[in-house]
Amino acid sequence: MKIYYTVRELANRAPEVFTLRSLGEEVFAPGAGGGYSWLQEHLGSNYIAAWFVPELKDAAIVTSGVSRWHNFYVEGLDWLARNVGIDGLYIDDVAFDRLTMKRVRKVLDRNRPEALIDLHSANQYNVRDGFASSANLYLEHFPYLTRLWFGSTSTTTPRPTIG
């Protein structure tokens, strides 16, 4: 079983929210606030609201990039690999640096030698992302990945011929 496990956002239901918030902008990215009312009522401002699941009243806050939160992520992955026996990760865009990716790969190789790491990314060729292809954005992570999924098609599966 591969799991979706990320540090890109954190759900408002996570018990660590207020502890991480107390670290200022180290873990949560600064921003205009807004989003789901719970975020506005409990966090005030200076955060970036991410996804929201209305049925569950589950909202996410965008994280800031490389921080001590990544140590927690890697240790959590180590625990999952040792105690749950996961077979790998499904990563939807990489929210950490090459060094953290190397640590992730080492944890999986040590605990689950056949573990897979799949990276999925949409087309980042737009104004907001600087007209950079996903391949260029994540090239430094490629040695540690098993499969790439750009858009909805895996690069390990040939595209059908049209015509």
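**Notebook: aromatic pairs in a predicted model**

I looked up the aromatic contacts and noted that Y5, Y73 and F96 form one aromatic cluster. I worked on a predicted model, where local features need pLDDT of at least 70, side-chain atom pairs count only at pLDDT 80 or more, and totals for chains, interfaces and linings use all residues. Residues are numbered from 1 along each chain as its sequence is written, and side-chain values use heavy atoms, with hydrogens and water left out.

I searched the whole structure and found six aromatic pairs. Rings of Phe, Tyr and Trp (its six-membered ring) pair if their centres lie within 6.5 Å; planes under 30 degrees apart count as stacked, over 60 as edge-to-face and the rest as tilted.

One of the six is Y4 with Y90, a tilted pair at 6.0 Å centre to centre and 35° between the planes. Y4 sits in strand 1 (residues 2–4) and Y90 in strand 5 (residues 88–92), 86 residues apart. I took helices (H or I, at least four residues) and strands (E, at least two) as DSSP runs, numbered from the N terminus.

I next recorded Y5 with Y73, a stacked pair at 4.4 Å centre to centre and 15° between the planes. Y5 lies in the loop between strand 1 and strand 2 (9–11) and Y73 in helix 3 (residues 69–83), so this pair ties together parts 68 residues apart in sequence.

I then checked burial: buried means under 20% relative accessible area, exposed over 50%, partly exposed in between (1.4 Å probe, protein chains only). Y5 and Y73 are buried. Y4 is partly exposed at 42%, and Y90 is partly exposed at 28%.
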